[in-house]
Amino acid sequence: LKPLWLKERTSAVPFSQYGCCHNLVSRVMPRQRAAPQHGKRSGKVEKQARVVFKPPSDCDQLCAFFRGTGADIEGRTLEQILTWSDQLMEVCHDYIQWIFPTDEQSRFNFDAPILDEDCQQAFRFNPDMNRNLRRSSQRFLQFLGLSADLVDRRDAEELRIERAPNFQQRLLMCWRGPANHNWKRVSRALRCFRLVGMEEEQQALLACLVGIVVDYPGMIDEDAVGRWLNEACPKSRLNHEMTPGFAATILSSPSLFARYCMQTLDKYDTNRAGRLEFDEMLMLIRELHESLGLHPGAFNEMELVASISMIDHNESLHAHEFPRWFSKILQTALAKLGEATGIAEEGKTASSVEEEQGLGPKHVVTCFQMPDSTGNSCKQRFKSHSVILTDSLRADHGCRFTLELCEDLAVTADMVCQQESASTLAWFSDREDNKPSVSCSTDVIALCGSPVHSIFSKVIR
């Protein structure tokens with residue numbers, strides 16, 4: 001139905017029959033004709049005044065709605081909406097414009113109110129309206145599977161919006177695409193927070209959203225991520241730790257990469273010259289490698305000079321040159337991290353094979369070149385021969401220990417003589433403390449390094 005105040009009515013029909021709210025629509029007085037005049041015709045017709053009541057403005061409606069004294073265009077109060085189930089909040093599409101009003105006309109709900117400047121100031125200074133907006137925001141976060149204390153939080157406490165225990169159950173309905181309508185609802189919430197001065201809440205929500213994008217790559221469209229960043233305050237920062245997952249995410253998202261380049265350039269441009277000098281770029285790379293867990297020596301100054309010369313020959317980078325250079329730096333760092341991870345995985349695989357198949361000549365060479373590896377390998381073998389419940393190795397077990405080493409090294413019988421076995425027994429009998437056992441912490445390394453050294457030398461040759 002068209003608003004009834006646009007039509008002239010001659011009968012007083014209750015507005016409730018048209019589904020309109022009594023507190024939002026005012027009646028229009030019916031037109032009354034002037035009474036006919038009898039007698040002398042003066043040529044003038046006296047006009048009777050017509051009284052028209054204008055409907056309340058969007059600001060009045062919103063203020064009443066958030067004060068708890070009014071309702072939306074469908075007659076629903078804020079308290080009623082806050083008690084809705086998650087299923088009802090998902091299928092109903094004309095309430096979100098009321099709990100998160102903005103300064104733009106909704107393309108889907110033409111009856112939605114507009115948050116003008118006067119109403120924005122009312123939210124900033126009216127405690128009842130501000131508290132009810134926080135209540136509605138907290139309920140919407142619960143609907144998304146997020147948790148935060150927006151209502152009773154003290155000013156000194158840091159605001160954090162985190163994933164609730166039921167976040168995995170809310171993924172399918174609220175987050176997964178394609179074109180999930182809740183992505184647009186989140187955009188509206190971010191814009192509303194910015195307009196009413198809730199910058200801290202906006203920053204906390206943005207940080208939570210970035211974490212979701214990083215941990216669930218490909219789940220949310222790039223257009224939605226771009227809208228979130230556009231609706232957020234320009235001063236909002238991507239306060240996410242630089243991890244391999246975050247680096248890969250910003251490289252695959254033009255919107256996130258552009259925002260991160262802006263804040264990185266602002267952070268390291270200490271002299272506010274609008275460009276990065278050599279020392280500033282060197283500091284950036286060192287901190288980047290430290291955050292990613294790379295060795296400090298993984299990047300030297302010569303590589304930095306080479307990377308800069310590919311972009312600019314003046315050993316400095318301007319704002320428009322920085323994104324291309326920073327993209328190359330991130331890609332190089334991730335490649336080096338992948339190589340380091342691959343080497344570590346190969347080391348773990350080799351260690352597991354050595355535990356299953358025994359020692360080999362290559363491993364022996366490594367042990368003599370790397371004392372730490374020798375100690376770790378010896379202690380692992382000590383555990384398989386030590387006496388139960390005691391941290392010791394008896395002399396007879398030490399001889400067996402020597403013989404098994406020879407077998408693992410594929411030492412033939414002609415290479416093992418009685419003198420080498422006797423040297424092991426002599427090593428035990430010549431101890432100053434007269435203890436016929438070996439402790440795991442110190443003696444076992446000497447056992448492998450001294451009595452069996454000749455056998456290892458034969459294997460190496």
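Is serine 316 buried or exposed in this predicted model?

View 1. Serine 316 lies in the loop that runs between α14 (301-309) and β4 (317-318). Its relative accessibility is 6%, and because a residue under 20% is classed as buried, serine 316 counts as buried. When neighbours within four places in sequence are left aside, the residues in contact with serine 316 are Arg275, Leu276, Glu277, Met281, Ile308 and Glu321.

**View 2. An edge-to-face pair of phenylalanine rings.** The structure holds 14 aromatic pairs, and one of them is formed by phenylalanine 100 and phenylalanine 193. The ring centres of phenylalanine 100 and phenylalanine 193 are 6.0 Å apart and the ring planes stand at 85°, so this pair is described as edge-to-face, the term used for planes over 60 degrees apart. The pair links distant parts of the chain, since phenylalanine 100 belongs to the loop between α4 (96-99) and α5 (117-125), whereas phenylalanine 193 belongs to helix α8 (residues 181-195), and the two are 93 residues apart. Phenylalanine 100 is buried, with a relative accessibility of 1%, and phenylalanine 193 is buried as well, with a relative accessible area of 3%.

View 3. Phenylalanine 167 and tryptophan 175 form an aromatic pair with 6.0 Å from centre to centre and 50° between the planes, an arrangement that is called tilted. Both phenylalanine 167 and tryptophan 175 are buried.

**View 4. A cluster of aromatic rings.** In this view, ring pairs join Phe246, Phe257, Tyr260, Phe322, Trp325 and Phe326 into a cluster.

**View 5. The crossing of helices α12 and α13.** Two packed helices are described by the angle between their axes together with the distance between those axes. For helix α12 (residues 254-268) and helix α13 (residues 278-292), the axes come within 10 Å and cross at roughly 120°. The crossing of α12 and α13 is right-handed. Where the helices meet, Thr264, Lys267 and Tyr268 are the contacting residues in α12, and Glu280, Met283, Leu284 and Glu287 are their counterparts in α13.

Definitions and conventions. Residues are numbered from 1 along each chain as its sequence is written. This is a predicted model: local features need pLDDT of at least 70, side-chain atom pairs count only at pLDDT 80 or more; totals for chains, interfaces and linings use all residues. Side-chain values use heavy atoms; hydrogens and water are left out. Rings of Phe, Tyr and Trp (its six-membered ring) pair if their centres lie within 6.5 Å; planes under 30 degrees apart count as stacked, over 60 as edge-to-face and the rest as tilted. Helices (H or I, at least four residues) and strands (E, at least two) are DSSP runs, numbered from the N terminus. Buried means under 20% relative accessible area, exposed over 50%, partly exposed in between (1.4 Å probe, protein chains only). Axes are lines fitted to C-alpha atoms, for helices over the stretch in contact, and angles run from 0 to 180 degrees between N-to-C directions. A crossing is left-handed if the near helix is turned anticlockwise from the far one by less than a right angle, and right-handed if clockwise. Contact means heavy atoms within 4.5 Å.
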